[in-house]
Amino acid sequence: MECRLLVVRVFVRDWPRALEFYGETLGIPFAFKSEEMGWAQLATGDAQLALERSTPGEEENLVGRFLGVSLAVDDIDATYEELRGRGVEFLAKPERMPWGGVLAHFRDPDGNVLTLIGQPKRA
């Protein structure tokens, strides 16, 4: 059996605010977007990040949590500074992990926590 990751879903309460945050603030282009469906896919490579509008009753279990989603960036230090300047809330500065990569966790407007992953800029 061949299996590949296609989409990772992120549930959001405030649909317009989520579209603005991911599309404009983070600068990730949309591959697909449907107001009627409450579904959007971001062009993040082979596996896409999808925004799904939550419905009342689902929110407390699906929105506002650590997602375990990591977005790879070329220059984590520059990306961190640029996004901070755009108002993105980071939990801490980028931190080097024992395995060599650097992580920086941030919140979207609904409180979902995502991670930037990269290598530090070489001196």
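Biologist: Gln41: buried or exposed?
Modeller: Gln41 counts as buried, because its relative accessibility is 19% and buried means under 20% relative accessible area, exposed over 50%, partly exposed in between, with a 1.4 Å probe and protein chains only. This is a predicted model, in which local features need pLDDT of at least 70 and side-chain atom pairs count only at pLDDT 80 or more, while totals for chains, interfaces and linings use all residues. Residues are numbered from 1 along each chain as its sequence is written, and side-chain values use heavy atoms, with hydrogens and water left out.

Biologist: Where is the place of Gln41?
Modeller: Gln41 lies in strand 3. Strands are DSSP runs of E with at least two residues, helices are runs of H or I with at least four, and both are numbered from the N terminus.

Biologist: And what is Gln41 in contact with, leaving aside its neighbours within four places in sequence?
Modeller: Val7, Phe30, Ala31, Phe32, Gln48, Leu49 and Ala50 are in contact with Gln41. Contact means heavy atoms within 4.5 Å.

Biologist: What does strand 3 pair with?
Modeller: Strand 3, residues 39-42, pairs with strand 4, residues 48-53, in the antiparallel sense over 4 bridges. Two strands pair if DSSP finds at least two bridges between them. Trp39, for instance, has Glu52 in strand 4 as its bridge partner. The hairpin of these two strands has 5 residues between them, and Gly45 there takes a positive phi near 110 degrees.

Biologist: How many bridges join strand 1 to strand 4?
Modeller: There are 6, and strand 1 and strand 4 run parallel. Val8 has Leu49 in strand 4 as a bridge partner.

Biologist: So what is the order of the strands in the open sheet?
Modeller: The order is 1-4-3-2, with 4 strands and mixed pairing. Strand 1 (7-12) and strand 2 (30-34) stand at the edges with a single partner strand each, so one side of each has no neighbour in the sheet. From one strand to the next the twist averages 15 degrees.

Biologist: Which helix packs on the sheet?
Modeller: Helix 1, residues 15-25, packs on the sheet and touches strand 1, strand 2, strand 3 and strand 4. Its direction makes about 160 degrees with that of strand 4; axes are lines fitted to C-alpha atoms, for helices over the stretch in contact, and angles run from 0 to 180 degrees between N-to-C directions.

Biologist: Back to strand 4. How many of its residues are buried?
Modeller: 5 of the 6 residues of strand 4 are buried, so the rest of the structure largely encloses this strand. Leu51 is found there, and its relative accessible area is 0%.

Biologist: What does Leu51 touch, not counting residues up to four places away in sequence?
Modeller: Leu51 touches Val10, Trp15, Ala18, Leu19, Tyr22, Phe30, Gly38, Trp39, Ala40 and Leu42. Leu51 and Leu19 are 32 residues apart in sequence, and their C-alpha atoms are 8.1 Å apart.

Biologist: Which residues of the largest nonpolar core touch the most other members?
Modeller: Tyr22, Leu51 and Phe106 do, out of 26 residues. A nonpolar core is a set of buried Ala, Val, Leu, Ile, Met, Phe, Trp, Tyr and Cys residues joined through side-chain atoms within 4.5 Å. Helix 1 gives the most to this core, with 5 residues.

Biologist: New topic. Which residues of helix 3 are buried?
Modeller: In helix 3, residues 76-85, the buried residues are Ile76, Thr79, Tyr80 and Leu83. Seen down the helix axis, these fall within an arc of 100 degrees, so they line one face of helix 3; the arc is that of the directions from the helix axis to the C-beta atoms. They pack against helix 1, strand 6 (89-90), strand 8 (102-107) and strand 9 (113-118).

Biologist: What sits just after helix 3?
Modeller: Gly87 does, with a positive phi of about 95 degrees.

Biologist: Last one, Gly64. Where is its place?
Modeller: Gly64 is in the loop between helix 2 (59-62) and strand 5. Gly64 counts as partly exposed, because its relative accessibility is 39%. Asp110, Gly111 and Asn112 touch Gly64, not counting residues up to four places away in sequence. The C-alpha atoms of Gly64 and Pro109 are separated by 8.8 Å, with the two residues 45 apart along the chain.
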